[in-house]
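Here is a short tour for anyone meeting this structure for the first time. Have a look around, then read on.

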Amino acid sequence: LLTSDSAFQSLPDRVPSSHKGTFGHAGIIAGSVGKTGAAALAARAALRVGAGLVTVATPSSVNDVLEAKSLEAMTMPLPETKARTLARSGLDRAVTFIQARTAIAIGPGLSTHPETVELVQSLMKHLDRPSVLDADALNALAGRASLLTECKTPPILTPHPGEMARLEVDATTQTVNADRIGTARRFARERGVFVVLKGARTVIARPDGLVAICPTGNPGMATAGTGDVLTGMIVGLLAQGVPAWDAACAATYFHGSAGDLAAQHLGQAGMLASDLIAQIPYALQRTKTT
């Protein structure tokens, strides 16, 4: 069971001589027409959890829209399809983008356009640094989970039960929810990855079979964008040099804590994902003083 003590111990020290480079450069490959919000939420969450720099790679025609939503995060336009999603012709530029970042997140708002799916699949063998795979990056691996073995560094996957079912052979959302711990543990072991199986309660599993359960969070977080926030928080910690297991556990814990603080202030029904981001600094402070 995750605790505030263990979560806080995972956070890097902020020494007086620090500068933005000290806390890493998170890269986020995300967004498509109509879904720039997912990319913006992930970027802002990465910054709120302490990353020094964040850059989002997104389809060229939506780049300006994303820039307007993101004051502190940088952007990089990549080649796109006619549907305004990332194109497979952008593979080389995407690889260069990955190589210039400390940690990478792929998936929020990407869409399941066939070319975008091909691009994501092609990127797996280029993941040689800490990474998070979420949302449409996971959908791109449906039926192709074996591609995860091509990752040079084991990634963190953050599926909800539906995405988990699409990754597993002969699984359904119902079978996943019927055995959340067993499902997460089995997939983490078989594929050599870290799994953050979202839900009430979120289950985190690592390749050796160890499982943690997160006690924080509430139904007010059942709203669009909160998963993108979690992805941003994880990659933000990875960029700061926090090891994958510790980053997955701490980000999940603080994500839930921020959600609990938002619920205290706003009530659960009216919560938005951006309300959760606003509470991240307070969640970190509250943990520090307990």
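A crossing of two helices is called left-handed if the near helix is turned anticlockwise from the far one by less than a right angle, and right-handed if clockwise.

## Before we start

This is a predicted model, where local features need pLDDT of at least 70 and side-chain atom pairs count only at pLDDT 80 or more, while totals for chains, interfaces and linings use all residues. Residues are numbered from 1 along each chain as its sequence is written, and side-chain values use heavy atoms, leaving out hydrogens and water.

## Two crossing helices

Helices (H or I, at least four residues) and strands (E, at least two) are DSSP runs, numbered from the N terminus. The crossing of α4 and α5 is right-handed. Helix α4 covers residues 91-99 and helix α5 residues 114-123; their axes come within 10 Å and cross at roughly 45°. Axes here are lines fitted to C-alpha atoms, for helices over the stretch in contact, and angles run from 0 to 180 degrees between N-to-C directions. Angles under 35 degrees count as roughly parallel, over 145 as roughly antiparallel, 65 to 115 as roughly perpendicular and the rest as oblique, so α4 and α5 are oblique to each other.

Who does the touching (contact means heavy atoms within 4.5 Å)? On the α4 side we find Leu91, Ala94, Val95 and Ile98, and on the α5 side Leu119, Ser122 and Leu123.

## The sheet

Nine strands make an open sheet with mixed pairing, in the order β3-β2-β1-β4-β5-β6-β7-β8-β9. β3 (74-78) and β9 (211-213) sit at the edges with a single partner strand each, so one side of each has no neighbour in the sheet. Two strands pair if DSSP finds at least two bridges between them. Strand β2 (residues 53-59) runs parallel to β3, joined by five bridges, with Thr55 opposite Met74 in β3. Helix α2 (residues 36-48) packs on the sheet, touching β1 (25-29) and β2, and its direction makes about 170° with that of β2.

β1 and β2 are also parallel, over five bridges, and Ile28 has Val56 in β2 as its bridge partner. Buried means under 20% relative accessible area, exposed over 50%, and partly exposed in between (1.4 Å probe, protein chains only). Five of the five residues of β1 are buried, so this strand is largely enclosed by the rest of the structure.

## A residue in α9

Thr183 belongs to helix α9 (residues 180-191). Is Thr183 buried or exposed? Thr183 is buried, at a relative accessible area of 2%.

Definitions and conventions. Contact means heavy atoms within 4.5 Å.
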